[in-house]
Number of protein chains: 2
Amino acid sequence: MASESEVSNKQIIFKDYVVGFPKESDMEIRTSKILLKVPEDSTGILLKNLYLSCDPYMRSRMSKHDRPTYVTSFQPGSPITGYGVAKVVDSRHPNFKAGDLVWGMTGWEEYTLTTLTDLFFKIEHTDVPLSYYTGLLGMAGMTAYVGFYELGSPKKGDRVYVSAASGAVGQLVGQLAKLTGCYVVGSAGSKDKVDLLKNKFGFDEAFNYKEEEDLDAALRRYFPEGIDIYFENVGGKMLEAVLSNMRNNGRIPVCGMISQYNLVEPEGVHNLFNITTKRIRMEGFIVGDYYHLYPKYLEMILPHIREGKISYVEDVAEGLESAPSALIGLYSGRNVGKQLVVIAQE
Amino acid sequence: MASESEVSNKQIIFKDYVVGFPKESDMEIRTSKILLKVPEDSTGILLKNLYLSCDPYMRSRMSKHDRPTYVTSFQPGSPITGYGVAKVVDSRHPNFKAGDLVWGMTGWEEYTLTTLTDLFFKIEHTDVPLSYYTGLLGMAGMTAYVGFYELGSPKKGDRVYVSAASGAVGQLVGQLAKLTGCYVVGSAGSKDKVDLLKNKFGFDEAFNYKEEEDLDAALRRYFPEGIDIYFENVGGKMLEAVLSNMRNNGRIPVCGMISQYNLVEPEGVHNLFNITTKRIRMEGFIVGDYYHLYPKYLEMILPHIREGKISYVEDVAEGLESAPSALIGLYSGRNVGKQLVVIAQE
């Protein structure tokens, strides 16, 4: 049952719109009070947040946009919002009851009161780590699944390249590619990450892009016959090198371009004419358009997780206070694996 | 019947690989001799060329390529080859007989002896201008048809933008869009061309891109609600402006990027992340992959031409000698409408 006591509620507040690289000081910690009960005139739910997800797309929410875009900006002076795993403390919505575990768009705070219940999925399977619902079994997992299968049109034997391959999305893309019988190469920004790709996630090959002076030559080395599917996570110079190495009728699901998010002037890509000459399909997607496939995804992925056929590496920051640093770390590639923040065990 | 007499054969010879803008002096006229008969040991055909087509993609054939690409380079010292309309003078191939009219990949010369008969279509309908088979009823027409319908996925009410809109492909794309019930805007590089778009081809709006200091603002003016389909013919800065003005789930069939072909260092496109945020599908194609649809295309387009519902403007250069200048003129936009060369009436 819901407690009626007022408790303190630590929050991560977004201070103001950001230009260039975000800093921890773009956020601040504030402690307010919250009543652990949904007001009588509301149909909302009151959540105790357990895990928060740090995702690259959040950079876009820190900017002020002069035209409408795929995300809304954070509200200066209000808590950051993002995907997370939470426990329902109180509910006046018929679909949720106290004790339910959910994942969805919550606040960067200890407790969140929200009426946006459509943004939450009930967690039905708890024999797998609960934190997975911030990534593998949440938005990032769905992103890998949709981008690879729906847009990538993979078939056995395809040559697949994944950038940012040890990240929340990339590590799963590589494993899905292996399950499909593809040859898969990943790149990442440190030796540790490259080791993970080869030894933990089963990529056929992996390389540290920071150690390659000539990305074009590196890709030619790993793909002497070219790339069928490039799962695009980074953009810029990497995309340019990839376009030179795509095969005819190649596919490029465009998941993100993290290398560009903090540049005031993004890099130019100069060889787009390859799209014509190689009949390339380059296609962007927003995972939110595909959540109707979530049950199908769970049905596919859960058995693989239970059988140990899918690995997932998480980089867990401890405590709400560590969330700003964890988020910022994404943009310099500090995280190894899926970045999340644990703020309560239950 | 074939004449056995040897006749003189004027040819346009490709001198050497080109870097940057091509010049007339990259080609030269040579006169050789040819016997108007297919040799007995050959299964080829001997053609009298009537019309030659000047097409933007030919620039790529003037370059030396360090990797295989969608076209083969012209052979220095040999005649230019390209699409054209010709009459069969002699044949040792079962599918062709003297007197047949054909269109396909012929030589820039008065007479062509070839065994590559797969590269020719027989012309069955001669109640329309024969020259149309260099464009509207040939490669350019098929390009417009395939790019617009197969890749553009148009539906009634879609907002369509066409660059290089008065060219061989663009003028048809605009008219197909109108037939489909779309709102269509074209851009071109002169007042005459803009007038054609509005008054001859029925575009809803048209503008001279050379008179727009801010392409982004120009597109915003014509597409206050954004662009659903951009038929890409030019690349570079125009593509960048378009990406900023695309609507969610927009499609960009990438037919060509003529503004970039002669640049040693093509322009960079800096805002590709729009592909993700707007879920854009950008897809290249080579018309040669779709020639199986040619009968279906003819069935659709011929009635429209006969009923005067499709207009087609040609820019006709007279005589083989004028071919080099006509070809070069494409890259500065000198042609008004489909550029072709007439070398014989029949």
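Biologist: Which residues does A:Arg247 touch, leaving aside residues up to four places away in sequence?

Modeller: In this predicted model, A:Arg247 touches A:Glu225, A:Gly226, A:Ile227, A:Asp228 and A:Lys278. A:Arg247 itself lies in strand β12 of chain A, residues 246-254.

Biologist: Why is A:Arg247 called partly exposed?

Modeller: A:Arg247 has 17 other C-beta atoms within 10 Å. A buried residue needs 20 or more and an exposed one has 12 or fewer, so A:Arg247, with 17, is partly exposed.

Biologist: How far apart are A:Arg247 and A:His65 in sequence and in space?

Modeller: They are 182 residues apart in sequence, and 36 Å separate their C-alpha atoms.

Biologist: What makes the buried residues of α5(A) lie on the same side of that helix?

Modeller: In helix α5 of chain A, residues 215-222, the residues A:Leu215, A:Ala218 and A:Leu219 are buried. They cover an arc of only 95° around the axis, and therefore they sit on the same side of α5(A). As a general rule, an α-helix has 3.6 residues a turn, so residues three or four places apart point the same way. The cover over the buried residues of α5(A) includes β10 (205-208) and α6 (236-245) of chain A.

Biologist: Why are α2(A) and α8(A) described as roughly perpendicular?

Modeller: Helix α2 (residues 139-151) and helix α8 (residues 294-306) of chain A pack at an angle of about 90°, and their axes are 11 Å apart. Angles of 65 to 115 degrees count as roughly perpendicular, so α2(A) is roughly perpendicular to α8(A).

Biologist: Which residues of α2(A) and α8(A) meet?

Modeller: A:Gly141, A:Met142 and A:Tyr145 in α2(A) meet A:Tyr294, A:Tyr297 and A:Ile301 in α8(A). The contact has five nonpolar residues, one polar residue and no charged ones.

Biologist: How is chain A divided into domains, and how many residues are in contact between them?

Modeller: Domain 1 of chain A comprises 6-135 + 313-342, and domain 2 comprises 139-288. Their C-alpha centres lie 28 Å apart. In the contact, 17 residues of domain 1 of chain A meet 17 residues of domain 2 of chain A. On the domain 1 side there are nine nonpolar, five polar and three charged residues.

Biologist: Which element gives the largest share of the side of chain B that touches chain A?

Modeller: In that interface, 30 residues of chain B are in contact with 30 residues of chain A. The elements giving two or more residues to the chain B side are α7 (274-277) and β13 (281-284) of chain B. The largest share, four residues, comes from β13(B). By class, the chain B side has 13 nonpolar, 10 polar and seven charged residues.

Notes:
Residues are numbered from 1 along each chain as its sequence is written. Chains are lettered from A and ligands numbered from 1 in the order in which they are written. This is a predicted model: local features need pLDDT of at least 70, side-chain atom pairs count only at pLDDT 80 or more; totals for chains, interfaces and linings use all residues. Axes are lines fitted to C-alpha atoms, for helices over the stretch in contact, and angles run from 0 to 180 degrees between N-to-C directions. Angles under 35 degrees count as roughly parallel, over 145 as roughly antiparallel, 65 to 115 as roughly perpendicular and the rest as oblique. Two residues are in contact if their C-beta atoms, placed from the backbone, lie within 7 Å. Ala, Val, Leu, Ile, Met, Phe, Trp, Tyr, Cys and Pro count as nonpolar, Asp, Glu, Lys and Arg as charged, and the others, Gly among them, as polar. Domain bounds come from an automatic or database domain assignment. The arc is that of the directions from the helix axis to the C-beta atoms.
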